[in-house]
Amino acid sequence: MKIPRRYTIEQATADHVPLLATIEVAAAKIFPPGSIPDHIRYDFTPVDKLHEAVQKSLLWVALDHAGNPVGYAYARLIDHAALLAQIDVHPDHMRKGIGAALIAQVAAGLRQRKVPAL
């Protein structure tokens, strides 16, 4: 998936993890009140789960031209398959193909690891 040149997608590092909750909460706020449960609107993926995903190379970030995270995707391995556990793009960067590019990168990364299904 092609995204504008000012964005890149790469494996996340531990330094990215503390910045991801802001993206997740901002992305949830695009939904009108009452359209999603309130706990989804204000909750975010626990930091320990994201650090574990970094260690297992199961977390990818979309970065802007300055290297700031603007989106992320996190996968979990379950049995012999992977689950896309979370994907978010900050509303200021939506509709640029970043979400689709993140999914494509997750799929490519899992194919390299010989994970048979996503």
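These are my notebook entries on a predicted model.

**Ground rules.** I number residues from 1 along each chain as its sequence is written, and I leave hydrogens and water out, with side-chain values resting on heavy atoms.

**Sheet.** I started with the strands (DSSP runs of E, at least two residues, numbered from the N terminus). Four of them form an open sheet in the order β1-β2-β3-β4, with antiparallel pairing. I count two strands as paired if DSSP finds at least two bridges between them. β1 (8-11) and β4 stand at the edges with a single partner strand each, so one side of each has no neighbour in the sheet. Neighbouring strands are turned by 20° against each other on average, direction ignored. For angles I use lines fitted to C-alpha atoms, for helices over the stretch in contact; they run from 0 to 180 degrees between N-to-C directions. I then looked at β1 and β2, which are antiparallel and joined by four bridges. T8 has L63 of β2 as its bridge partner.

**Helices on the sheet.** Helices here are DSSP runs of H or I, at least four residues. Contact means heavy atoms within 4.5 Å. α1 packs on the sheet and touches β2, β3 and β4; its direction makes about 100° with that of β3. α3 also packs on the sheet, touching β2 and β3, at about 75° to the direction of β3.

**Helix α1.** How much of α1 is buried? Nine of its twelve residues are, so the rest of the structure largely encloses the helix. Buried means under 20% relative accessible area, exposed over 50%, partly exposed in between (1.4 Å probe, protein chains only). The buried set includes V17, L20, I23 and E24. The cover over the buried residues includes α2 (38-42), α3, β2, β3 and β4 (81-89).

I picked I23 in this helix. Its relative accessible area is 3%, so I log I23 as buried. Leaving out residues up to four places away in sequence, I23 touches P69, V70, G71, D88, V89 and H90. I23 and V70 lie 47 residues apart in sequence, yet 6.6 Å apart in space, C-alpha to C-alpha.

**Helix α3.** In α3 (residues 47-55), L50, A53 and V54 are buried. They fall within an arc of 105° seen down the axis, so they line one face of the helix. I take that arc from the directions between the helix axis and the C-beta atoms. The face turned away carries the exposed D48 and Q55. Cover for the buried residues includes α1 (17-28), β2 (59-63) and β3 (69-78). After α3 comes S57, with a positive phi near 55°.

**Core.** Which residues have the most contacts inside the largest nonpolar core? They are L59 and L102, in a core of 29 residues. Such a core is a set of buried Ala, Val, Leu, Ile, Met, Phe, Trp, Tyr and Cys residues joined through side-chain atoms within 4.5 Å. α1, α3, β2, β3, β4 and α4 (98-112) each give two or more residues to this core. Beyond four places in sequence, L59 touches residues including V17, L20, L50, A53, V54 and Y72.

**Salt bridge.** I found one (side-chain nitrogen of Lys or Arg within 4 Å of a carboxyl oxygen of Asp or Glu). E52 pairs with K56, the closest N and O atoms being 2.9 Å apart. Both are partly exposed: E52 at 37% relative accessible area, K56 at 43%.

Key:
This is a predicted model: local features need pLDDT of at least 70, side-chain atom pairs count only at pLDDT 80 or more; totals for chains, interfaces and linings use all residues.
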